[in-house]
Amino acid sequence: MTDPFVSTQSLTKHFGPVRALTDISFDVHPGEILALVGENGAGKSTLMRLLEGVFPPTRGTIRVEGREVSFSQPRDAHRAGIRVIHQEPEIVPDLTVAENVFAGDLPRKARFFLDWARLNHDTAALLKKFGIARELHPRQMCSGLGPAQRQMIEIMRAVQAGGRLVAFDEPTSSLTDEETRRLFAIIRDLRAEGVAIIYISHRLAEITALADRVVVLRDGALVDDLPAQGVTEERITRLMVGRALSDMFPDRRPGTGPVVLKVEGLTTDHVRDISLELRAGEVLGIGGLIGAGRSELAKGIFGFHRRSAGSVAIDGTALPPGDTAAAIAAGIGFAPEDRKEEALLLLQTILENAVLCVPDKVSNAGFYDRRKARDLISRISDKMRLKASSLDAPVTSLSGGNQQKVVLTRWLACDLKVLILDEPTRGIDVGARSEIYDLIRKLTDHEGLGVIVISSEMPELLGLSDRILVMADGRLRAEFARADASEEAIMQAAIPHGTAAA
Ligand SMILES: Nc1ncnc2c1ncn2[C@@H]1O[C@H](COP(=O)(O)OP(=O)(O)OP(=O)(O)O)[C@@H](O)[C@H]1O
Ligand SMILES: [Mg+2]
């Protein structure tokens, strides 16, 4: 075996009282893909931030090719050949593709003049190498690029700057299946070139498909370091969660209640002529490809997007268009896909975020009662296994998956009739995922809610839903009863017309 490119010795990071990482010792070798797995809040992103020099460790050392290093900023780590591809790529929209690829490292002629010809030429070569020369052009501006293309630019930047360890922190959560396949091909090419890879994902199927070795973190400690060959998803789950998860999807009782939500002819700038009914006690799944209009449908129902035609009614009472406050008052909850932009008040604490919709449940004679608030919220957040030092911590101090749990906690605290969940388990670890599925079942079976689940993950859509609607091009294309739904049938319906024939 080659010598490790990077190794850590007893690497430890505390944030005040929070022990994010304790005594982490591991190696990454050139030409190997190391998967890093663990529950939400286990410390994966923190470990990446230490390697990238975002902050220093509390204790312990990092060695690069055997030499101890001490990074005071990411630039130092970059010089040492360490690169992290972040989930939200840092791309400057007003610069061209080439300028972003070479950011901080633009080729110069003489001393002061940028060598534009070389810049564009070298970028074109990279685009070709990555097989995306038809899709992106060196001189194209980066504003308007999608998440997959932005991510590609970050990867090209890492490669052109001589990255010898490239770490990916949940890179596939906003990619289509096709984009994911392409990313995997690129990661395997990098491995073949001797780059060391660290790969973080909650999708365990990706881990078993891609990795050479798996390192498991639990509560900030390294609990196992094992070859990926022959390892099963069940085994990884058990190591991560510390227990076996029997059945991911709870048994269901089909929803037979009255119609709680009735949508007729709903049309907005993004969706056309949508009619659907949701019954009390029912889980209605919505499938389709990215861009099919699923999130836009949810926003149309909730009133985020103003409708130009059609109606939305709860228990027979019509809602005014474009009025989210009226939707909430009528009993609709909506947990959007992009929790940072749309759902969380980032300057506030976990508790403040969680009680947002239930002011009357947490007050006494008109005054905010913290004790009541804490009791209500901690009951729910314990069930969700929210990992936080305290409910008074700022929501920004939470790991990505735990922020999502705060959004769900907020809605679970309300007395709802209808709950709309857009990609509810994105970035959520397997253990918490099954808790969320259980909660959805309890809400429908015991509390009579109607729940709409938008999901790009087929097993989730098929496992949770009593009925599935499929969208394409902003319209409803198909409806399947649970018994008739299959992955193939849903995919078939999801392909936009026109492409299907081609
Ligand atoms: N800046 C910070 N201040 C305080 N606590 C923090 C900070 N950053 C991380 N933490 C805490 O450190 C722990 C590890 O968080 P980290 O983001 O590394 O988890 P993760 O494994 O990446 O989880 P996820 O899968 O949800 O992304 C969590 O308990 C988190 O709340
Ligand atoms: Mg993380």
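This is a predicted model: local features need pLDDT of at least 70, side-chain atom pairs count only at pLDDT 80 or more; totals for chains, interfaces and linings use all residues.

**Pocket first, then ligand**

I started with the second largest pocket: 50 residues line it, and Arg 203, Ala 205, Glu 457, Met 458 and Pro 459 are the ones nearest its centre.

I got helix 6 (177–192), helix 7 (204–210), helix 8 (233–241), helix 15 (430–445), helix 16 (458–464) and helix 17 (487–494). Helix 6 gives the most, with five residues.

I wanted a volume too, and the second largest pocket comes out at about 1,400 Å³ of space.

By class, the lining of the second largest pocket splits into 20 nonpolar, 14 polar and 16 charged residues.

Which domains does the lining draw on? Domain 1 (6–91 + 145–247) and domain 2 (259–331 + 420–425 + 450–495) each put in at least three residues.

**Ligand 1**

Over to the ligand. I found 19 residues around ligand 1, and the closest are Gly 41, Lys 44, Thr 46, His 202 and Ser 399.

I sorted that shell by class as well: it holds five nonpolar, ten polar and four charged residues.

Where do the shell residues sit? Helix 1 has the largest share, at three residues.

At the domain level, the shell around ligand 1 takes at least three residues from each of domain 1 (6–91 + 145–247) and domain 3 (332–414).

**Polar contacts**

I went through side chains that reach oxygen atoms of ligand 1. For Thr 46, an N or O atom in the side chain is 2.6 Å from an oxygen atom of the ligand. Asn 40 has a polar side-chain atom 2.9 Å from an oxygen atom of ligand 1. Ser 45 likewise places a polar side-chain atom 2.9 Å from a ligand 1 oxygen.

How much of ligand 1 does the protein bury? Taken alone, the ligand exposes 640 Å², and 85% of that is buried by the protein.

Definitions and conventions. Residues are numbered from 1 along each chain as its sequence is written. Chains are lettered from A and ligands numbered from 1 in the order in which they are written. Side-chain values use heavy atoms; hydrogens and water are left out. A residue is near a molecule or strand if one of its heavy atoms lies within 4 Å of it. A polar contact is a pair of N or O atoms within 3.5 Å; within protein, one must be able to donate a hydrogen and the other to accept it, and residues adjacent in sequence count only if both atoms are side-chain atoms. Accessible areas come from the Shrake-Rupley method with a 1.4 Å probe; for residues, only the protein chains shown count as cover. Helices (H or I, at least four residues) and strands (E, at least two) are DSSP runs, numbered from the N terminus. Ala, Val, Leu, Ile, Met, Phe, Trp, Tyr, Cys and Pro count as nonpolar, Asp, Glu, Lys and Arg as charged, and the others, Gly among them, as polar. Domain bounds come from an automatic or database domain assignment. On a 1 Å grid over the protein atoms alone, a cavity is a set of points where a 1.4 Å probe fits but cannot get out, and a pocket is an open set with protein on both sides within 12 Å along at least five of seven lines; lining residues have an atom within 4 Å of a point. Grid points are joined across faces, edges and corners, and a volume is the space filled by probe spheres set on the points.
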